[in-house]
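Biologist: I would like a close look at a single part of this model, with the terms spelled out as you go.

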Amino acid sequence: MHPVLVTQTRTSTSKMEALLTDDARAELQRIGDGLDARQPVGVRDGGIVVLGPQPTPTPVQEKSDEQQQRAGGPAARSRQRSTRRQRSSDRSRPPRAGSRIVGLAGNYTGQLENVQRAYPGATLLPDDHGVWLLARSQVIEGSAREAIFLIALPETPAVEPRGWAFWEQDGQVEWIGPRHTNFPDGSVCAYHPTLDKVWAPGGDLRTLLDIYSVWALRHLHLTVFDRWPGRQHAMPDDLGRSDPYYRLTQFKEAELCSCGSARRYGECCRPHDLKLPFLSILQAFKRRNLGLSIVDRAPPAQISASIAQGGHNSPPPIVEVHATLRAHVADLSGNPRID
Ligand SMILES: [Zn+2]
């Protein structure tokens, strides 16, 4: 996988100055402080992230029982509904349980009208192994940037989605990463599939896009204030603990620590991490990550190429860019894995 030029762009000073209005900058800081204090956030139509007020529950009639269970995470609970959407929501009810037997693409397609109310222009593109979701998010009001999300949604519930995110500003496109993206493909790591329990295959697509919008907002905060806001996970080491090499190279001292304490990394686990022999924790990290170092993250070239054309180029077959799905398909067909 070779990154194309679009992924190499750095935010220049002049671009930074034009990035946010003063109000937007203040709002971004307020939301960041709220995330640090574990306040709930909501997502308004267009993907605009806002700090509380206290969440209103998702209308019950909108989803099947199974999806209710699956989409009950914080982003779902705190979504702020417009009355217009509540009135019209029953028209686009997704298929009931049972659709999973034949895969999830039909389920997702049934949600499209609903998704487009929150994310205007969102589209689904068919694929042999599922469906692509392409959507734009404003993230915050008063920003010159929009986020573009391209998410591969496998047909099988056994494999998690994999998505990539890009900023678009003045017609230029820039990969959103590398913080909290996966190795080595730079895909979005917006939640932990088992620890966070905020979304699972077959869930509500608006909720998924809301989670991505909040992730993008946190990236915007990192760009503007040089600090990732709110709780965060580190990659696990051999013992399932936060990898010290990952933390030392990724976390800023003023960010929350990943150990679950409410303290800043600099005052919590960093002094301990610094005492470890750096070369050996680096080697241990590489052993676990295909010999790659922390900087070796970038979206597949086909993904960047698709987005660089404003999404007009078709995305690649999902199986080509989703290694877990590729392994799953190879297992099912009895063929040897080609990774
Ligand atoms: Zn700690």
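Which strands does helix 8 lie across, and at about how many degrees to strand 4 is helix 8 running?

Modeller: This is a predicted model, in which local features need pLDDT of at least 70 and side-chain atom pairs count only at pLDDT 80 or more, while totals for chains, interfaces and linings use all residues. Residues are numbered from 1 along each chain as its sequence is written. Helices (H or I, at least four residues) and strands (E, at least two) are DSSP runs, numbered from the N terminus. Helix 8 (residues 205-225) lies across strand 4 (130-137), strand 5 (146-154) and strand 6, and runs at about 50 degrees to strand 4; axes here are lines fitted to C-alpha atoms, for helices over the stretch in contact (C-beta atoms, placed from the backbone, within 7 Å), and angles run from 0 to 180 degrees between N-to-C directions.

These strands belong to an open sheet of five strands, with the order 3-4-5-6-7 and antiparallel pairing, where two strands pair if DSSP finds at least two bridges between them. Strand 3 (123-127) and strand 7 (172-175) each have a single partner strand, so one side of each of these edge strands has no neighbour in the sheet. On average, neighbouring strands of this sheet are turned by 25 degrees against each other, direction ignored. Strand 6 (residues 162-169) pairs with strand 7 in the antiparallel sense over four bridges, and E168 has V173 in strand 7 as its bridge partner.

The loop between strand 7 and helix 8 holds P178 and also P184. The peptide bond from G177 to P178 is cis, with omega near 0 degrees, and the bond from F183 to P184 is cis with omega near -15 degrees.

Definitions and conventions. Contact = placed C-beta atoms within 7 Å.
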